[in-house]
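This briefing goes through a single protein chain by topic. Please keep the sequence and the model open while reading.

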Amino acid sequence: ELGHDAGREHRVPSLALRSDRASASGSARIAADAPFALEAQVQATSIEGAPRPWQASVKAAGPLAAIAVNAQLSSPQAVGAQLDAQATVSPFAAWPLSQLLASTRALDLSALSAEAPQTQIAGQARIDTQGLDKPITASVKLTNAQPGRWDEKRLPVAELELDITGRADQRDRLTLRRFELRAPGDGGRA
């Protein structure tokens with residue numbers, strides 16, 4: 001609806017999509033005048049009877065110049081398992097992602113895809129940026145409580161720690177400050 005509320009906002013009060021694998025519904029609205037306040041939400045689920053059911057939600061809010069986005073992914077097959085992400089997106093900036101935080105607990109990738117290994121991943125990832133020509137820092141710390149051999153449909157990683165810096169306008173250069181990978185059992189560290 002263009003010009004809703006006496007021209008103060010534009011909105012999509014209800015939107016629904018469906019495919020052979022998932023369905024999604026949502027709504028959105030944006031103010032007609034600067035700073036163009038935005039609110040949007042989408043919920044998605046796998047289709048009824050899916051062998052690997054999942055559900056996801058995404059919410060976005062804020063002025064159009066700096067939108068706060070929150071996302072969540074879970075599966076009813078893995079009770080308590082969840083992936084959460086928060087980001088700040090500036091769609092008109094030269095480098096639109098200014099921050100990304102993601103955390104997971106008890107995430108079993110096989111609950112989301114039959115081809116994925118069984119896991120129980122917990123941890124965090126963080127990316128901070130200030131612009132295209134400014135430093136980007138990324139840090140990841142993950143643990144997998146169910147590591148194992150790939151031929152046994154497991155992920156052969158027990159822990160991963162990673163700290164990287166770089167710049168978006170110099171993609172051929174990265175500084176690896178820390179990289180630690182621990183294999184399961186007595187597999188050692190790299």
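**Briefing: strands, sheet and local backbone**

Strand β9 (residues 135–144) and strand β10 (residues 159–167) are paired in the antiparallel sense over nine bridges. Within this pair, Ile136 stands opposite Gly166 in β10. The model is predicted. The secondary structure of the protein comes to one helix and eleven strands.

**Overall figures**

- Along the sequence, the elements follow the pattern α-β-β-β-β-β-β-β-β-β-β-β.
- The C-alpha trace of the protein spans about 70 × 50 × 25 Å along its principal axes.
- The protein has 190 residues, of which 22% count as buried.
- Among contacts with a separation of 6 or more, 31% come from residues 24 or more positions apart.

**The sheet**

- Eleven strands form an open sheet, in the order β1-β2-β3-β4-β5-β6-β7-β8-β9-β10-β11, with antiparallel pairing.
- Strands β1 and β11 (170–182) stand at the edges with a single partner strand each, so one side of each has no neighbour in the sheet.
- From one strand to the next, the twist averages 5°.
- In general, strands of a sheet pair through backbone hydrogen bonds, in a parallel or an antiparallel sense.

**Pairings of β7**

- Strand β6 (residues 82–89) runs antiparallel to strand β7 (residues 97–107), and eight bridges join them.
- Ala85 stands opposite Ala102 in β7.
- Strand β7 is also joined to strand β8 (residues 121–129), by seven bridges, and these two run antiparallel.
- Gln99 stands opposite Asp128 in β8.

**Two residues of β1**

- Glu9 is found in strand β1, and Leu17 is found in strand β1 (residues 9–18) as well.
- Is Glu9 buried or exposed? With a relative accessible area of 13%, Glu9 falls under the 20% cut-off and therefore counts as buried.
- Leaving aside neighbours within four places in sequence, Glu9 is in contact with Glu1, Leu2, Gly3, His4, Arg29, Ile30, Ala31 and Ala32.
- Leu17 has a relative accessible area of 55%; exposed means over 50%, so Leu17 is exposed.
- Val12, Leu15 and Leu17 make a nonpolar surface patch of about 270 Å².
- As a general rule, side chains in a regular strand alternate between the two faces of the sheet.

**Backbone points to check**

- Most residues other than glycine have a negative phi, and most peptide bonds are trans.
- Which peptide bond is cis, with omega near 10°? The bond from Ala34 to Pro35 is cis.
- Pro35 is placed in the loop between β2 (22–31) and β3 (37–46).
- Ala6 is not a glycine, yet has a positive phi of about 55°.
- Ala6 lies in helix α1 (residues 4–7) and is exposed, with a relative accessible area of 74%.
- Lys153, also a residue other than glycine, has a positive phi near 60°.
- The loop between β9 and β10 holds Lys153.
- The relative accessible area of Lys153 is 40%, which lies between the 20% and 50% cut-offs, so Lys153 is partly exposed.

Key. Residues numbered from 1 in each chain as written. Predicted model: local features only at pLDDT ≥ 70, side-chain atom pairs only at ≥ 80, totals over all residues. Heavy atoms only, no water. Pairing = 2+ DSSP bridges. Helix = DSSP H or I, 4+ residues; strand = E, 2+ residues; numbered from the N terminus. Patch = residues over 30% accessible without salt bridge, like charges linked within 9 Å, V, L, I, M, F, W, Y side chains within 5 Å. Areas by Shrake-Rupley, 256 points an atom, 1.4 Å probe, with all protein chains shown as cover. Salt bridge = Lys/Arg side-chain N within 4 Å of Asp/Glu carboxyl O. Buried < 20%, exposed > 50% of the residue type's maximum accessible area, 1.4 Å probe, protein only. Contact = heavy atoms within 4.5 Å. Axes fitted to C-alpha atoms, helices over the stretch in contact; angles between N-to-C directions.
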